[in-house]
Amino acid sequence: MKTNFTISPELLQAPEEKRQKIVTNLAKALQIEPLDLHEHETPHLLLKSNFFEDPHSEHLMEPIGRLERQLYELIDVKGLYKALMRFFGIPKKFWQIEKSWIPMRKSKWDNVKTLDGSPLTEEQWNRLNNLFNEYLDVPREQIEDLIVKANMAAREYGEQDMGERDKVSKIKTLPTSIQSAVKVKDISPQHANMLQYAVDHAVINLTHTTEVGKHLVLNVLLDSLSRTGGVTATKAQRMEHTRSLAHRLFQEMGLADTAEGGKLGFLNRDWLRVAITEANDAAANGYLMGLSPGELVAGIAHPDACSHCTKLIAGRIYKLTADPPESMDSAEEGSAKYKALVKRWQTELWIGKSNYGLRLSPRKREGGKLVPRKPHELAKATIPLHPWCRCRWMRINPEVAYVNGSGEITYLTPGKPLPDAYKRWVQREPLVQEKLRQMRQDKALMFLKPDELNFLKAA
Ligand SMILES: [Zn+2]
Ligand SMILES: [Zn+2]
């Protein structure tokens, strides 16, 4: 059975809190796990005037934001829309959603060319197809260029945070392909493999989006053409029809205003989502590549992050490993090996860690009931954690910084006694205790005196 819900525009524009409540109630009535609305929507910060400016990151997100934008701009949805408008001879005054509904004086209608109600010829279909190719096909090299740059830029930030580099390169000087990264930046074969995977991933997802977008636009066109009323339609009917085609394309292609509560339509929105997700995937891995195995990272999330990012990423500490664990279902459930594997997945990060096959929602439906998911079925910390996720990792050296009670990274003041908040943080974080003990034992402490860590005994 397929159920179709029609959602009223008022509901769609209701405040998020209200919408989430409705979704939760609906889910209860239908006995399904409620969706976290946030996870499926554009994060609020992205809906402000500029998608790619991130007021909360002084650091890595700025160049990555620029690369996201360049990926996003690889397809020209607006150009395609205008080309379609021209193709159908739709006058400019109808090209915008708001304007297309402004009533016009009758005399003005007379000069407007409208769809004449006849089906498209083969030649016209061919021309349409060429338009799609012209505006929606992105060469692989362009995607590769930007993914490689996002990855290499982030790696340099990682190296900078490790103290191995004092300046990061300008984006435009970074390699434009995996091949040149191998040559110029001397990246390892593993790194090249990972990059190949990231580029393929981005190409597949971006291509999929444009394919789905093409179908969507074609369906709107077909549907619209089938309703023209044929060649017998009156001029007024054809005019109305022409207007409605412009209106629907504008909506479906997602060209409406993107300000708060904006209406990013399918094509534009999906393309944007994929561009952001893929750029951040390449960047998150690149950043970890710039660090040494054994380093600790803290997760940085936006203040309006969803519940999953808040739980798994914001202020959480993970250890980078060069030796990824096996998958969690390789051990018998409940066995010691299983517990050890789950623990590693819960506490460690590695290049290319992915939640493939794992789920964010804590419960699943089984035999008509909601049951909690098993540890090996639940998603673990990775960035991006979900589409649109723009969280990031930041190396944390527990000799110089800690995560305070509000989840913010705070720096210690040299020469001052260690604050209680620092000590509390260390007591809360087994990975930090392990790291500090190791550093003390290896005589690798550079800023703290071994004595200062005596409070560790109580841990
Ligand atoms: Zn999130
Ligand atoms: Zn996130």
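Okay, housekeeping before the tour. What you're looking at is a predicted model, where local features need pLDDT of at least 70, side-chain atom pairs count only at pLDDT 80 or more, and totals for chains, interfaces and linings use all residues. Residues are numbered from 1 along each chain as its sequence is written, and chains are lettered from A and ligands numbered from 1 in the order in which they are written.

So, the overview. The protein chain has 16 helices and eight strands; those are DSSP runs numbered from the N terminus, H or I with at least four residues for helices, E with at least two for strands. Of the 459 residues, 31% are buried. By that I mean 20 or more other C-beta atoms within 10 Å of the residue's own, with exposed at 12 or fewer, partly exposed in between, and C-beta atoms placed from the backbone. Then contacts: two residues touch if their C-beta atoms, again placed from the backbone, lie within 7 Å. Taking contacts with a separation of 6 or more, 69% come from residues 24 or more positions apart.

Helix 5 (residues 77–87) packs on helix 7 (residues 122–136) at about 160 degrees, axes 9 Å apart. Axes here are lines fitted to C-alpha atoms, for helices over the stretch in contact, and angles run from 0 to 180 degrees between N-to-C directions. The crossing of helix 5 and helix 7 is right-handed, as in the near helix being turned clockwise from the far one by less than a right angle, with anticlockwise being left-handed. Who meets whom? From helix 5 you get G79, L80, A83, L84 and F87, and from helix 7 R127, L128, L131, Y135 and L136. Sorted by type, that contact has eight nonpolar residues, one polar and one charged. For the sorting, Ala, Val, Leu, Ile, Met, Phe, Trp, Tyr, Cys and Pro are nonpolar, Asp, Glu, Lys and Arg are charged, and the others, Gly among them, are polar.

Next, helix 8 (residues 140–161) against helix 10: their axes come within 9 Å and cross at roughly 130 degrees. So helix 8 is oblique to helix 10, and the crossing is right-handed. Helix 8 brings R140, I143, E144, I147, V148 and N151, while helix 10 brings L195, A198, V199, A202, V203 and L206.

Four strands make an open sheet in the order 3-2-1-6, with mixed pairing; strands pair if DSSP finds at least two bridges between them. Strand 3 (348–349) and strand 6 are the edges with a single partner each, so one side of each has no neighbour in the sheet. Strand 1 (residues 296–300) and strand 2 (residues 317–320) run antiparallel and are joined by three bridges, with V297 opposite Y318.

Most residues other than glycine have a negative phi, and most peptide bonds are trans. Which peptide bond is cis here? The one from I383 to P384, with omega near -5 degrees. P384 sits in the loop between strand 5 (369–372) and strand 6 (392–395). W388 lies in that loop between strand 5 and strand 6 too, and its phi is positive, near 80 degrees. Is W388 buried or exposed? Buried, with 20 other C-beta atoms within 10 Å. D186 also isn't a glycine and has a positive phi, about 55 degrees. You'll find D186 in the loop between helix 9 (178–184) and helix 10, and D186 counts as exposed with 8 C-beta neighbours inside 10 Å.

That's my tour, thanks.

Technical notes. Parallel < 35°, antiparallel > 145°, perpendicular 65-115°, else oblique.
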